[in-house]
Amino acid sequence: MTKKILVTGAFGQIGSELVPALQKSYGKHNVIAVGHKHIPEDFDGIVESVEITDNKAVTSILKKHNIGTVYHLVSLLSAKGEIDPTLTWNINMNGLKTVLDYAVENKLKVFWPSSIAAFGPTTPRVRTPQKTVLEPTTMYGVTKLAGENLVHYYHLKYGVDVRSVRYPGLISWKAPPGGGTTDFAVAIFYDGLTKGAYECFVRPDTKLPMMYMDDGIRATIELMEADPKKLTIRNSYNLAAISFMAEELAKEINKHIKVKVTYKPDFHQKIADSWPQSIDDSVARRDWGWKHEFTLPKMTLTMINNLKIKFGVV
Ligand code: AKB
């Protein structure tokens, strides 16, 4: 019997686009989408609902479907994570440990997402190297660093084939992000198209690493399909595409639609200031041939065109 693929956090920002991509490549009957509260009524595929902190329930779903590969995406993000750090630790870490323990016994292949949030204010901020200082100052970042160490340990000690990338801020129009610091780079499009104005929660000169979702999904699948012998990093690969300041994004958007952007930095600013401005992902490019496709102008135009259709704006 063919082993199946299970995706946790299947209806979040990444999962909403990764699941259809996996269904397309491997067949709908081979992909199990695991969600929690909000499962879209029109979802076409196999679905399970589980509390990710319930270890027994997670293990029983893994057993039930004869799973061979897990994309363990479920996570609370950086800004939301600061509101309830204990909940963030439980959600971000417990499920990962359960998946890894099951992977040891059942020889699963695992993808787990880290983030630029694993870095902190003591990390070099420009072209941040693959191996560098990692002293995160958010609970989300702490879970990402702990998770990187945990997946690395399971690889070294038990030989689990676990793969990971440090995602930059992901920009997409299909499912909105929730509770992240890089969310301003998505919200500016939504508010820009629906209200013609956007109040940005970080300063205009805030520069962060970002990526259009299509590149993020392709990177994820390419890494999972890469020859294991070529992979030299088993904690998490640096991954990069574009870096821009909030005001540069506003300027690019205004080439196409008129959006009045004002700036009112709040608690997000401190988080953004603790993260790199750009990432050196040359190890990913060398090991498994990573290459981004979406530039700032291409991403901006793609977002505007798709959101115009979504919101019925002409
Ligand atoms: C966030 O802003 O919290 C996330 C991330 C960079 O991991 N988008």
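Visitor: How far is an oxygen atom of the ligand from an N or O atom in the side chain of Ser78?
Guide: This is a predicted model, where local features need pLDDT of at least 70, side-chain atom pairs count only at pLDDT 80 or more, and totals for chains, interfaces and linings use all residues. Residues are numbered from 1 along each chain as its sequence is written, and side-chain values use heavy atoms, leaving out hydrogens and water. Between the ligand oxygen and the Ser78 side-chain atom, the distance is 2.6 Å.

Visitor: Which residue has a polar backbone atom 2.7 Å from an oxygen atom of the ligand?
Guide: Tyr140 uses a polar side-chain atom, 2.7 Å from a ligand oxygen. The backbone atom belongs to another name: Thr181.

Visitor: How much of the ligand's exposed area does the protein bury?
Guide: Accessible areas come from the Shrake-Rupley method with a 1.4 Å probe. Alone, the ligand exposes 260 Å². The protein buries 94%.

Visitor: How many charged residues are in the shell around the ligand?
Guide: Asp, Glu, Lys and Arg count as charged. The surrounding residues include Leu77, Ile116 and Trp275. The shell has four nonpolar and five polar residues; for charged ones, the count is no residues.

Visitor: Which domains each give at least three residues to the shell?
Guide: Domain bounds come from an automatic or database domain assignment. The domain centres, taken over C-alpha atoms, are 24 Å apart. In contact (heavy atoms within 4.5 Å) are 26 residues of domain 1 and 30 residues of domain 2. The shell draws on domain 1 (4-168 + 211-238) and domain 2 (169-210 + 242-277 + 295-311).

How values were computed: A residue is near a molecule or strand if one of its heavy atoms lies within 4 Å of it. A polar contact is a pair of N or O atoms within 3.5 Å; within protein, one must be able to donate a hydrogen and the other to accept it, and residues adjacent in sequence count only if both atoms are side-chain atoms.
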